[in-house]
Amino acid sequence: MQNCKTTSTWNSGIEQGTHVFHIHGYSHHRSTAAGGERKIIVSSRFTVGGHKWVVFFRPNAFNSGDKIGAGLVLVNKHAKVRASYEMGLVDQSTGLLVSVHKEAPREFHVDDEDPTSSGSSFMEKRSLFESPTYLQDDCLTMECTVSVIKEPWTTKTKPFPKIEVPQSDMAGQYANLLEEKVGVDVTFSVGGEEFTAHKVVLATRSPVFKAQFYGPLREAGAAPITIEDIQPAVFRELLHFIYTDSLPPLDYLKADAHTDMIRHLLVAADLYGMERLSLMCQSYLCENLSVQTVATTFALADQHQCDMLKDACLEFITCSTAMDVVKRTQAYKNLKRTCPPDAIEAFEKASRFRKA
């Protein structure tokens with residue numbers, strides 16, 4: 001079942017930014033502000049929430065000897081912005097920030113008739129700003145964090161990120177292992193041809209090979225193992241299945257030869273205890289039943305205890321109107337000669353049931 005996962009995000013509408021303002025030569029700025037001059041030191045413009053801002057600093061605010069003023073100003077014209085900010089001083093020894101003022105959310109806008117509308121200011125004791133903790137080497141560092149408040153909004157729905165996992169290539173890798181013959185440790189002699197393979201792979205796939213290589217009666221030595229009851233072409237395709245867990249394409253064979261190869265593989269599957277291969281072969285033979293093949297397939301199924309395939313053959317005969325044609329085939333004659341009488345009786349009974 002495919003799971004379509006999507007995502008969206010609700011945003012609070014708050015955009016935040018921080019500006020660090022270094023004031024070098026602090027004593028010089030303070031001295032030039034002596035005598036009541038309200039000297040203002042202004043930072044460069046910085047952007048938060050799409051609006052321009054500056055931080056300002058008054059070394060001698062309002063001609064007060066024990067107070068220093070600072071604050072934040074909106075620079076944009078024709079804009080109304082709701083925002084809050086926090087001003088802090090940086091400890092020159094540790095780099096840590098200590099807050100000296102927090103301003104609650106308020107509206108900033110440039111109004112020629114009300115100069116204070118565009119900015120917010122505060123005053124603190126001079127002793128705080130000029131403490132050795134914050135003022136070192138005649139340098140003072142201020143840090144201002146601005147929070148611009150906008151309408152909350154939700155992002156558009158988008159697909160959740162997916163990490164695509166490629167299909168397993170294990171079958172192809174094992175096929176290459178067989179083809180390249182890397183690490184082979186067993187040789188088979190089949191009908192005059194030799195095949196090399198890996199014992200551990202064969203033992204993993206077949207209980208018969210497992211007993212042969214690692215059981216109490218395992219064969220010792222490195223001499224080729226002779227296989228008497230399988231044709232070379234069939235053994236080659238058997239190895240293909242063992243390493244790839246799939247039936248070989250067999251595209252090079254004509255239809256009759258293809259079916260014949262599947263029958264031989266079914267026999268090999270029974271011989272080596274490979275149930276999955278047996279079922280795959282049975283499935284192919286079941287799907288390709290015909291009046292020409294049903295008798296041979298029935299005999300094969302009876303010989304190798306393939307009950308489902310036998311039932312399929314009987315069902316085919318029951319549903320077929322061509323039993324007379326089947327009886328004339330050589331396969332049916334072979335069936336009557338080689339199969340037990342009860343099997344023949346079941347086969348012909350299915351035919352009689354159809355006629356009834």
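1. First, the ground rules. This is a predicted model, in which local features need pLDDT of at least 70, side-chain atom pairs count only at pLDDT 80 or more, and totals for chains, interfaces and linings use all residues. Residues are numbered from 1 along each chain as its sequence is written, and side-chain values use heavy atoms, with hydrogens and water left out.

2. Have a look at the open sheet of 3 strands, ordered S16-S15-S17 with mixed pairing (strands, E, at least two residues, and helices, H or I, at least four, are DSSP runs numbered from the N terminus; two strands pair if DSSP finds at least two bridges between them). Strand S16 (193–197) and strand S17 (225–227) stand at the edges with a single partner strand each, so one side of each has no neighbour in the sheet. From one strand to the next, the twist averages 30°.

3. Strand S15 (residues 186–190) and S17 run parallel and are joined by 3 bridges. Phe 188 stands opposite Ile 225 in S17. Helix H6 (residues 232–244) packs on the sheet, where it touches S15, S16 and S17 (contact means heavy atoms within 4.5 Å). The direction of H6 makes about 10° with that of S16 (axes are lines fitted to C-alpha atoms, for helices over the stretch in contact, and angles run from 0 to 180 degrees between N-to-C directions).

4. Helix H8 (residues 275–287) packs against helix H10 (residues 307–319) at about 5°, with the axes 10 Å apart. H8 and H10 are therefore roughly parallel (angles under 35 degrees). Leu 279, Gln 282, Leu 285 and Cys 286 of H8 meet Met 308, Leu 309 and Ala 312 of H10.

5. Of the 7 salt bridges in the structure (a side-chain nitrogen of Lys or Arg within 4 Å of a carboxyl oxygen of Asp or Glu), one joins Lys 150 to Glu 15, with the closest N and O atoms 3.1 Å apart. Lys 150 lies in the loop between strand S12 (139–149) and strand S13 (153–154) and Glu 15 in strand S3 (residues 14–24), so the pair ties together parts 135 residues apart in sequence.

6. Finally, Arg 205, Asp 245 and Arg 276 are linked in a network of salt bridges. The closest N and O atoms are 2.8 Å apart for Arg 205 with Asp 245, and Arg 276 meets Asp 245 at 3.0 Å, N to O.

Methods: Parallel < 35°, antiparallel > 145°, perpendicular 65-115°, else oblique.
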